[in-house]
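Here is a set of exercises to work through with the structure open beside you. Try each task yourself before you read the solution.

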Amino acid sequence: MTQEPHVLVIDDEPQILRAMRTILAAKRFRVTTASRGEEGLALAAAQPPDLIILDLSLPDLDGIEVCSRIREWSQVPIIVLSVRDAEKDKVAALDRGADDYLTKPFGIEELLARVRVALRHSTQASGSKQVVVHAGDLEIDLSSHVVRKGPEEVKLTGTEYKLLAHLASNAGRVLTHRGILLAVWGPADSDHVEYLRVYMRQLRKKLEDNPDEPQFLLTEPGLGYRFLADA
Amino acid sequence: MQRRLVRRIGRYVGSIAAVGLTTGVLFSLRHWLNTSTVALLYLLPVGLSAALWGLGPGLGAALVAFFGFNYLFLPPYFTLSVMQPDNLIALLVFLVVAVVISQLLGRIQENLVRARAREHEAIHASEMIKALTGLSNPQGIAAMLADRVLKTFLADHVEVSLQIDAGEDSERVVLPLAIALPREHPTKVLAVQGMNRLLGEIRLWRSAGSFFPEEDRLLGIFASEAALALERSLLAQAENRARVLEQSDTLKSALLSSVSHELRTPLATIMASVSSLRTGEVDWHEEARQELLSAIEEETDHLNQLVGNLLDMSRIEAGILRPQRSWNLLSEVIQSVLRRMRKHTSHHRILVEVPEDLPLVPLDFIQIEQVFTNLLDNSIKYSPPGTSVRIRASILDDKQLIVEVSNEGPPVPAEYLARMFGKFSRLPGVESVTGTGLGLSICKGIIEAHGGRIWAENQPSGLAFRFTLPLDLEGLSAAQPVQT
């Protein structure tokens with residue numbers, strides 16, 4: 001990217017806006033801020049940003065509502081900000097097209113890491129899809145359906161592969177239980193979170209060095225899963 | 001009351017019959033008896049009547065005997081006139097003796113009746129008192145009073161109304177149940193008078209006869225006993241309320257002092273570190289800078305955890321902590337907790353022993369994560385660095401899972417084992433360890449909301465926290481996916 005990426009922050013707390021402006025500007029981002037939902041929507045339309053950071057609790061509009069209204073016309077990556085215990089809101093926002101979330105309070109490394117992942121994802125989405133995903137000693141070839149761990153090829157069942165492929169092609173993003181179930185099992189089984197648990201355990205056993213301390217197939221508490229690929 | 005009247009008339013009839021019978025016997029034997037013997041023998045039915053039936057019937061018997069004696073046994077026979085002066089004397093003496101005997105015996109009899117009536121009254125009153133002592137609620141007192149009045153006074157209907165608080169609706173009991181009260185005025189209305197105000201009233205309907213004074217008195221005793229019981233119960237309630245208020249007050253001040261202390265400590269560290277870094281006077285070494293920065297970071301984490309705990313506690317208190325249970329792998333929850341607490345647990349060995357074939361458990365991921373976080377936090381705080389903390393899980397029976405988090409810390413005095421799960425409960429003698437005393441009570445709130453139990457046990461190696469979780473979600477166990 002030749003010019004500085006443009007980030008729009010929508011949050012009603014002035015202290016958060018101030019901190020975000022300072023930190024992101026220091027990291028060479030161009031920052032626009034909005035303290036209300038409607039204002040944010042207007043700004044996003046007037047000067048389309050490369051990334052939106054959106055607080056879920058806004059004084060005028062529900063953050064989830066803002067999220068789905070942006071998704072009506074734009075695929076710009078959205079990172080939602082929320083507090084602990086608001087898992088329902090996070091899931092709702094993720095299901096309506098948000099790409100990632102951050103729980104307040106958050107550290108700056110975490111914020112920057114999420115911003116980088118989201119921006120990379122958006123450039124990939126506009127360009128060609130990555131065909132081979134690397135994660136540590138794992139290699140997932142999405143075109144030939146071959147999964148390798150080190151030199152060995154890993155044998156996966158049809159559903160296991162479908163699940164892994166869905167996670168890997170969305171590497172870095174949080175995928176909600178429901179979203180994964182819809183994509184892999186279909187609408188009829190979208191409530192059977194237990195299927196997902198069983199298959200995730202199987203995948204971890206086959207792919208992780210220590211299934212109890214997964215390095216790639218990460219659990220997002222109360223939300224879903226995230227596949228962590230090499231940058 | 002008609003029965004009483006019948007009984008009374010019966011007594012007179014009895015006494016007259018006794019005299020009549022005596023007269024008959026004496027008349028048939030008149031040729032063998034002299035006048036004075038007849039007079040003596042006539043005293044028998046008089047005395048008997050007075051002794052059995054009281055003064056009135058005794059006097060009645062004396063009068064009838066007097067005329068019978070005169071008419072049948074004193075010449076001229078079959079007249080009421082008397083010929084000889086000594087016979088007149090005998091007749092008068094007879095009358096006096098008969099009357100005196102009647103009076104004496106009758107009075108004794110009356111005293112006896114009165115004594116019996118008093119005894120009766122005392123028994124009823126004491127039964128009433130006994131029945132009322134166990135009662136502490138106004139509804140119970142009203143019901144008991146109505147029941148006693150109905151049975152003791154053989155009433156047709158009883159209505160008792162007691163007003164618990166001035167200006168409030170009164171507690172009303174009507175007996176017998178499910179029968180409408182008659183339209184006419186009650187036979188008896190009595191106020192239940194308390195110390196300072198009218199507490200209510202008793203209304204009684206009885207078709208049979210009017211009220212006797214002793215009944216009036218007994219009803220009065222009932223009313224005043226009920227008033228006493230009611231006031232006692234109201235006092236007890238007020239005392240209870242005062243105690244609850246006092247307790248919640250103590251709790252609130254404990255919360256305030258504990259929380260303000262706990263909140264200020266990290267804030268003080270943060271403030272000191274930030275202002276140190278800001279000041280231009282000292283040129284901080286890189287190492288010192290890093291030290292101050294990590295202090296800020298750690299204390300901020302601590303504050304965040306504290307606020308989370310307070311929020312959880314207030315949710316539990318308000319009864320709005322409802323777990324969103326869904327099927328989960330326990331190992332995944334533990335894994336997520338350990339990942340997040342990695343920095344925190346670095347001075348201890350954390351050993352996880354969760355069988356691979358453990359079934360899926362219905363639980364709220366975030367809340368159970370919180371339980372593990374608090375139990376681990378506790379285990380780490382109270383056991384020396386370098387020791388192990390063990391997490392174990394197994395199937396207890398086909399309905400429950402049991403989880404154990406144990407450490408190698410010192411044992412906890414038996415009396416604190418249960419108390420540990422109370423709010424703001426801190427072990428004595430460990431003031432150096434920071435905490436609000438909320439962590440374990442939050443665990444208890446969450447586990448109980450999940451339908452499980454949590455407790456602590458001393459073990460030879462250290463302290464163990466154990467909790468159970470039900471394995472079924474609304475009566476169902478986890479569905480198994482078709483392997484494809």
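Predicted model: local features only at pLDDT ≥ 70, side-chain atom pairs only at ≥ 80, totals over all residues.

**Exercise 1. One threonine in chain A**

Find Thr32(A) and work out why it counts as buried.

Solution. 

Step 1: Locate the residue. Thr32(A) sits in strand β2 of chain A, which covers residues 30-34.

Step 2: Apply the cut-off. Buried means under 20% relative accessible area. Thr32(A) has 15% relative accessibility, so it counts as buried.

Step 3: List its neighbours. Leaving aside residues up to four places away in sequence, Thr32(A) touches His6(A), Val7(A), Leu8(A), Val9(A), Leu43(A) and Gln47(A).

Step 4: Look at the side chains. Those of Thr32(A) and His6(A) are joined by a polar contact of 2.4 Å.

**Exercise 2. Describing the two chains**

Solution. 

Step 1: Count the elements. Chain A contains 8 helices and 12 strands, while chain B contains 11 helices and 11 strands.

Step 2: Look at burial. In chain A, 51% of the 231 residues are buried; in chain B, 40% of the 484 residues are.

Step 3: Turn to the contacts. For chain A, take the contacts with a separation of 6 or more: 57% of them are between residues 24 or more positions apart. For chain B, take the contacts between residues at least 6 apart in sequence: 67% of them join residues at least 24 apart.

**Exercise 3. Nonpolar cores**

Which residues have the most contacts inside the largest nonpolar core?

Solution. 

Step 1: Pick out the core. It has 41 residues, and those with the most contacts inside it are Leu330(B), Ile368(B), Phe372(B), Leu375(B), Met420(B) and Phe467(B).

Step 2: Trace the source. Helix α9 of chain B, residues 365-381, supplies the largest share of this core, 7 residues.

Step 3: Zoom in on Phe467(B). Among the residues it touches, not counting those up to four places away in sequence, are Val371(B), Phe372(B), Leu375(B), Leu401(B) and Trp455(B).

Step 4: Look for another core. A second, separate core has 31 residues, including Phe153(B), Ile164(B), Ile202(B) and Leu204(B).

**Exercise 4. An open pocket**

Which element gives the most to the lining of the second largest pocket?

Solution. 

Step 1: Begin with its volume, which is about 1,400 Å³ for the second largest pocket.

Step 2: Go to the lining. This pocket is lined by 36 residues, and Arg4(B), Arg7(B), Arg11(B), Val113(B) and Glu214(B) are those nearest its centre.

Step 3: Find the elements. Two or more lining residues come from each of α1 (2-28), α2 (35-53), α3 (55-73), α4 (85-133) and α6 (213-278) of chain B. The most, 9 residues, come from α4(B).

Step 4: Sort by class. The lining of the second largest pocket has 15 charged, 15 nonpolar and 6 polar residues.

Note on methods
Residues numbered from 1 in each chain as written. Chains lettered and ligands numbered in written order. Heavy atoms only, no water. 1 Å grid on protein atoms, 1.4 Å probe; cavity = no way out; pocket = protein on both sides within 12 Å on 5 of 7 lines; lining within 4 Å. Points joined across faces, edges and corners; volume = space filled by probe spheres on them. Helix = DSSP H or I, 4+ residues; strand = E, 2+ residues; numbered from the N terminus. Nonpolar A, V, L, I, M, F, W, Y, C, P; charged D, E, K, R; others polar. Buried < 20%, exposed > 50% of the residue type's maximum accessible area, 1.4 Å probe, protein only. Polar contact = N/O pair within 3.5 Å; in protein donor to acceptor, adjacent residues only side chain to side chain. Contact = heavy atoms within 4.5 Å. Core = buried A, V, L, I, M, F, W, Y, C linked by side-chain atoms within 4.5 Å.
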